[in-house]
Amino acid sequence: MSHHYLEFKNVSFSYPESGEVLHDVSFRINHGENVALLGLNGSGKSTLLLLTNGLLMPTTGRIIVGDIPVTKNTFPIIRQTVGMEFQNSDDMLFMPTIEEDVAFGPRNMKLPEDEVSRRVTASLEAVGMSGFEKRPAFSLSGGQRRAAAIASVMAMEPSILVLDEPTSNLDILARKKLIDLLAGFRHSILLATHDLDMARELCPRSILLSSGRVVADGPTDEVIDVYIPTALKSRR
């Protein structure tokens, strides 16, 4: 893949039971960009994230990852390139031990066992979870489970990291550790968040969704200080 980027081209999406939740969404995230996805509950943020690696498919429009369109035929390479961490980290931790959770993705990639072991060790070390390999997820704190879930994504060595409300339910210390970890990720990040302080600290650029439409895309300070108040007024 010559360039690692994520592009939405006129993407709309409808759920059969609730109708259209995204309308004509277009943007491009280039390699190395950290971008926050902002908006009120129900604006379409989580749906948009699920579209990034084919967990949902657009009703209309196209999604492209590094020159490769997201289709059923390209799911394997897309899901190696786009690593997604869900809002509820417990959804990602289902094996008997953290070590097996983190190894699950690389093993599904049919990697040699020595490479799986290397990735598990490196990913757990990166999130400060070395020594927790044999622990079950239920024995960990909320911040530790979040870190383990991110390790399971990082073990896939994605070029684009997608996160849904990564600081939700974290205490102050766990939140700071997570932000420091993400700041060290050297590829691209797209994160949906209500944590505006984290968006300012981590993401130079923000995209604002309102009722499934992109209403602002630009410098994070400008989007938060100018466009979010305008969007809130329009909802009253």
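Author: Start with Asp217, which is partly exposed at 38% relative accessibility. The classes are buried (under 20% relative accessible area), exposed (over 50%) and partly exposed (in between), with a 1.4 Å probe and protein chains only. This is a predicted model: local features need pLDDT of at least 70, side-chain atom pairs count only at pLDDT 80 or more, and totals for chains, interfaces and linings use all residues. Residues are numbered from 1 along each chain as its sequence is written, and side-chain values use heavy atoms, with hydrogens and water left out.

Asp217 has a charged partner. Its side chain meets that of Arg205 in a salt bridge, 2.8 Å from N to O. Arg205 sits in strand 9 (residues 205-210) and Asp217 in strand 10 (residues 213-219), so the pair ties together parts twelve residues apart in sequence. A salt bridge here is a side-chain nitrogen of Lys or Arg within 4 Å of a carboxyl oxygen of Asp or Glu. Strands (E, at least two residues) and helices (H or I, at least four) are DSSP runs, numbered from the N terminus.

Now look at Arg205 itself. Arg205 is buried, at a relative accessible area of 14%. Arg205 also forms a salt bridge with Glu33, where the closest N and O atoms are 3.1 Å apart. This pair links distant parts of the chain: Glu33 lies in the loop between strand 2 and strand 3 (34-38), 172 residues from Arg205 in strand 9. Glu33 counts as partly exposed, with 22% relative accessibility.

Step back to the charges elsewhere. The structure holds 14 salt bridges. One of them joins the side chains of Glu113 and Arg107, at 2.5 Å from N to O. Glu113 is partly exposed, at 45% relative accessible area. Arg107 is partly exposed too, at 39%. Elsewhere, salt bridges link Glu115, Arg118, Arg119 and Glu157 into a network.

The axes of helix 3 (residues 98-108) and helix 4 (residues 113-126) come within 9 Å and cross at roughly 125 degrees. Axes are lines fitted to C-alpha atoms, for helices over the stretch in contact, and angles run from 0 to 180 degrees between N-to-C directions. Helix 3 and helix 4 are therefore oblique to each other. The classes are roughly parallel (under 35 degrees), roughly antiparallel (over 145), roughly perpendicular (65 to 115) and oblique for the rest. The crossing of helix 3 and helix 4 is right-handed. Helix 3 makes the contact with Ile98, Glu99, Val102, Ala103, Pro106 and Arg107, while helix 4 brings Glu113, Val116, Arg119, Val120, Ser123 and Leu124. Contact means heavy atoms within 4.5 Å. A crossing is right-handed if the near helix is turned clockwise from the far one by less than a right angle, and left-handed if anticlockwise.

Four strands make an open sheet in the order 2-1-4-5, with antiparallel pairing. Strand 2 (19-29) and strand 5 stand at the edges with a single partner strand each, so one side of each lacks a neighbour in the sheet. Two strands pair if DSSP finds at least two bridges between them.

Take the pairings inside the sheet. Five bridges hold strand 1 (residues 6-15) and strand 4 (residues 60-65) in an antiparallel pairing. Among these, Ser12 has Thr60 of strand 4 as its bridge partner. Strand 4 is joined antiparallel to strand 5 (residues 68-69) by two bridges. There Ile64 stands opposite Pro69. Strand 4 and strand 5 form a hairpin with two residues between them, and Gly66 in the turn has a positive phi of about 55 degrees.

Glu7 belongs to strand 1. Glu7 is buried, at 16% relative accessible area. Beyond its neighbours within four places in sequence, Glu7 is in contact with Phe27, Arg28, Arg62, Ile63 and Ile64. Asn10 is also found in strand 1. Asn10 is not a glycine, yet it has a positive phi of about 50 degrees. Asn10 is partly exposed, with a relative accessible area of 43%.

Finally, Glu165. Glu165 has a positive phi of about 50 degrees as well, although it is not a glycine. Glu165 lies in the loop between strand 7 (160-164) and helix 6 (172-183). At 9% relative accessibility, Glu165 counts as buried.
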